[in-house]
Amino acid sequence: MENLKLIIAKNIADLRRRDGITQIQLAERLNYSDKAVSKWERGDSIPDVTVLKEIADLFGVSLDYLVEQEHTEKSLPRQTLMEKIKNHAVITGMCILLVWLIATLIFVIIDATNKNAHFHGLVFLYAVPVSMIVWLVFNSIWFNRRRNFLIISLLMWSVLGAFYISALLFSLNIWQIFLLGIPGQIIILMWSRLGYRKKTEEE
C-alpha cells in the first residue's frame, strides 16, 4: 500500500510538471486546496477514486496510468493539460461570441423589418446574462468550479440590471429591484463558503 502511494504520488507530480503547472493551479482545477495536492505528491495520502479519475481525465491518461510504475509509449498522454485548457477556452469564447452574433442578427432583422421599433437595442442588453449562462455552463464542465460563484453573481446583477433598464424605457423607475441582489449575493457567498468548507473537510 505504501508503495502504491509513492507510485501515484510520482505519477501525479510528473504529469503536473510535464504540463508546466503549479500545485495551486492543479488544486484550482480539481476544486481542492494546494495543501491536498502537496500531500498527494508526497505520498502522505491518496485521492479517492473519483478524484483520481478526475486527475486522469485532466491529464489525458487512463486511471491505470496513475497506478502503474512503468509506462508504455501507448499509455503516454497525447495532449497536455495546458493544450486542453487553451482549446476549451477557445471553444468557450466562440460560444459566447455566438450569443452576440445571434443578438446582432436579431437586431438587424428587427431594424430592417420594423423601422418604428424603438426597443430592439434591448437584445444586446439581454445578451449579457445569456453570455454569463454560457460561461457558467462551460466553466462547470471544464474550468475551475470555484469561479462559478463569481459568474453566478455577475449573472444575477446583469439580469437585475437588464430588468431595470427595460423598465426605464417604459418610464418605470423600479430601482428597488436591486434590493433583491443583496440577499441573493449573501446566499451566493454562503454557498461558496459551504462548498469550500466541504472540500476542506474531505482533505
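You are looking at a predicted model, where local features need pLDDT of at least 70 and side-chain atom pairs count only at pLDDT 80 or more, while totals for chains, interfaces and linings use all residues. Residues are numbered from 1 along each chain as its sequence is written, and side-chain values use heavy atoms, with hydrogens and water left out.

**Stop one: two loop residues**

Select Ser 171. Ser 171 is exposed, at 70% relative accessible area. You'll find Ser 171 in the loop between helix 8 (148-169) and helix 9; helices here are DSSP runs (H or I, at least four residues), numbered from the N terminus. Its phi is near 60°, a positive value in a residue other than glycine. Most residues other than glycine have a negative phi.

Now jump to Asn 31, in the loop between helix 2 and helix 3. Asn 31 is not a glycine either, yet has a positive phi of about 65°. Is Asn 31 buried or exposed? Asn 31 counts as buried, at 16% relative accessibility.

**Stop two: the largest nonpolar core**

A nonpolar core is a set of buried Ala, Val, Leu, Ile, Met, Phe, Trp, Tyr and Cys residues joined through side-chain atoms within 4.5 Å. The largest one has 20 residues; select Ile 12, Leu 26, Leu 30, Trp 40, Ile 55, Phe 59 and Leu 66, which touch the most other members. Colour helix 1 (2-18), helix 2 (23-30), helix 3 (34-42), helix 4 (49-59) and helix 5 (63-67), the elements that give two or more residues to this core. Which helix gives the most? Helix 4 does, with six residues.

Zoom in on Trp 40. Leaving aside neighbours within four places in sequence, Trp 40 is in contact (heavy atoms within 4.5 Å) with residues including Ala 9, Ile 12, Tyr 32, Pro 47 and Ile 55. Apart from this core lies another, of nine residues, among them Phe 149, Ile 151, Leu 160 and Tyr 164.

**Stop three: aromatic pairs**

Rings of Phe, Tyr and Trp (its six-membered ring) pair if their centres lie within 6.5 Å; planes under 30 degrees apart count as stacked, over 60 as edge-to-face and the rest as tilted. That rule gives eight aromatic pairs. Take Phe 138 and Trp 142: the ring centres are 5.4 Å apart and the planes sit at 35°, so this pair is tilted. Both residues lie in helix 7 (residues 122-142), four residues apart, about one turn of the helix. Phe 138 is buried at 16%, whereas Trp 142 is partly exposed at 23%. For a cluster linked by ring pairs, select Trp 100, Phe 107 and Phe 124.

**Stop four: a pocket**

By class, the lining has five nonpolar, two polar and five charged residues. Helix 4, helix 6 (81-113) and helix 7 each supply at least two lining residues.

**Last stop: Gln 185**

Select Gln 185 in helix 9 (residues 181-202). Gln 185 counts as buried, at 18% relative accessibility. Not counting residues up to four places away in sequence, Gln 185 touches Ser 153, Met 156 and Trp 157.

Notes. Buried < 20%, exposed > 50% of the residue type's maximum accessible area, 1.4 Å probe, protein only. Nonpolar A, V, L, I, M, F, W, Y, C, P; charged D, E, K, R; others polar.
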